[in-house]
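Thanks for coming, everyone. I'll keep this short, so please have the structure open while I talk.

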Amino acid sequence: MADIDAFVQAEADALVRELSEWCAIPSISSDPERAGDVRRSAEHLAGLMEAAGLDTEVLAADGGLPAVYGEWLGAGTDAPTITVYGHHDVQPADPLEEWATPPFEPTVRDGCLHARGASDDKGQIHFQVSAIRHLLAADGRLPVNVKFFVEGEEESGSPTIDAFLGEHADRLACDLILVSDTGMVAEDVPSLVTAMRGLIYFQVDLRTAPADLHSGSFGGAVPNAIAELVTLLAGLKDEAGRITIPGWYDDVVALTDEERANMAALPFDPDQLKAVTGVGALPGEDGYTPLERMSGRPTADVNGIWGGFSGVGTKTIIPATAHAKVSFRLVADQEPARLEPLFERWVRDRVPDHVEVSVRSYGGVKPARTPLDHPGNRAAAKAVARAFGKDPLFYREGGSGPERALSDALGAACVYLGVMLPEDRVHAPNERLLLAHYYRGVRAAAYAFEEFAKPEVATALRAPAG
Ligand SMILES: [Zn+2]
């Protein structure tokens, strides 16, 4: 019978050595010169997965970087099938001079593995693979059917994931997606993400004249494009911090009492957030805490604004054009395809007839949400409680990722099991993985597979979503 604690204790150093070898491969997906390293990383992971007992294949969509697929399907048709999702590519490492030890020479110090990708996301795939390796070695079987989909281009926005899912959705089909690419809020606060925000992004261009005009000759009688633009953008939110676009909140699923209670129990200090970000206030939507506003509510932000004259000295013109980039974070069940025309109509309705306007959309990411009482979330919470010795709190992630695309393609909900910490400096110099958390991750993954196999959970997961 598998004893995951004994395995982790006996293999502690060997596991970190194995992870370090993988982290030494600079699989930076955004750098075309590293494409060979991304492939090497995929093949290296495929080797680890094969050694763990999974049937493995390196796959890529046309023009995409290689992903690693793996499966062990011996648990029978009554057992649920779990697809583990994560990525083996990493962010660029620069500025290199800020690293205490080189990013691709993994080093253990202060109880942490320091390397690019240690937390995001090689360490989090490695704890899953290690749990499976132990369960298969000890028991000859897993309690559930398991598949892996480990992407090679997540850090560059998953450009071919839709094509990949279109091609391989049947192979990846499952009853639950176990996302292994998120974190916990603090070392002593085990926690589980339940939702990701979506995103839509626009450029707005206004024109009020064929060319800039002399402000002395015409000022006082002609429209100013920048003035029109800032008037428009100033109306995006009302005094209560709510987005004013008609219909914007129609599909927003309200935070439940249980979610709000969980978020209120998280350690959060507004003054510390102010200190970390260097801001003097935390303005936002009335009636919601900063934590709720940063993850569970829609946002509107002007990302950039330009036009007219901004060079050295003075130039007395009335600008003919003005431009802005505007983005919105979305929450479930807001759909990019429904909201994009709402924003465009709002802009057209609000600019006067004498202003020429164009709105360009850069496309969107759909939000994802798995209700707290989903059987997968309840089971994952039990697994985390067993591994961390404390019941986890549920919270939402404010960022956006491919989780909903996965959910839609595979017809299954996402449950998030991740152990990275805010102090792990992911995407930044000196990225690290707290080894104590990594070891608990190995345990939590093994326990999660057990929990998903319990009859009442398995039955609920196997039932078609309705
Ligand atoms: Zn990641």
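This is a predicted model: local features need pLDDT of at least 70, side-chain atom pairs count only at pLDDT 80 or more; totals for chains, interfaces and linings use all residues.

Look at the S18 end. S7, residues 176–179, runs parallel to S18, and four bridges join the two.

Leaving out residues up to four places away in sequence, Ile 177 touches Thr 83, Tyr 85, Leu 406, Ser 407, Leu 410, Ala 412, Ala 413 and Cys 414.

Next, helix H10, residues 375–388. Among the buried ones are Pro 375, Asn 377, Val 384 and Phe 388. What do the buried residues pack against? The partners are S7, S8, S18, H12 and H13. Just past the helix, Gly 389 takes a positive phi of about 75°.

Now the core. Nonpolar side chains tend to be buried together in soluble globular proteins. The largest nonpolar core in this model has 121 residues. Those with the most contacts inside it are Leu 176, Ile 177, Leu 178, Ala 448, Phe 449 and Phe 452. H12 gives the largest share, twelve residues. The core also draws at least three residues from each of domain 1 and domain 2.

On to the backbone. Most residues other than glycine have a negative phi, and most peptide bonds are trans. Here are the exceptions I'd like you to look at.

Start with peptide bonds. The bond from Asp 94 to Pro 95 is cis, with omega near 5°. Pro 95 lies in the loop between S3 and S4. The bond from Ala 332 to Asp 333 is also cis, with omega near 0°. Asp 333 lies in the loop between S14 and H9.

Then phi. Ser 158 has a positive value, near 45°, and lies in the loop between S6 and H4. Is Ser 158 buried or exposed? It is buried, because 24 other C-beta atoms lie within 10 Å, and the cut-off is 20 or more.

Arg 425 also has a positive phi, about 55°. Its place is the loop between S18 and S19. Arg 425 counts as partly exposed, because it has 16 C-beta neighbours inside 10 Å.

Last stop, the end of that loop. Glu 431 is in the loop between S18 and S19 too. Glu 431 is buried, with 26 other C-beta atoms within 10 Å. Its contacts beyond four places in sequence include Arg 425, along with Ala 115, Arg 116 and Asp 120. How far is Glu 431 from Leu 113? The two are 318 residues apart in sequence, yet 8.5 Å apart in space, C-alpha to C-alpha.

That's my tour. Over to you.

Notes: Residues are numbered from 1 along each chain as its sequence is written. A residue is buried if 20 or more other C-beta atoms lie within 10 Å of its own, exposed if 12 or fewer, and partly exposed in between; C-beta atoms are placed from the backbone. Two residues are in contact if their C-beta atoms, placed from the backbone, lie within 7 Å. Two strands pair if DSSP finds at least two bridges between them. A nonpolar core is a set of buried Ala, Val, Leu, Ile, Met, Phe, Trp, Tyr and Cys residues joined through C-beta atoms within 7 Å. Domain bounds come from an automatic or database domain assignment.
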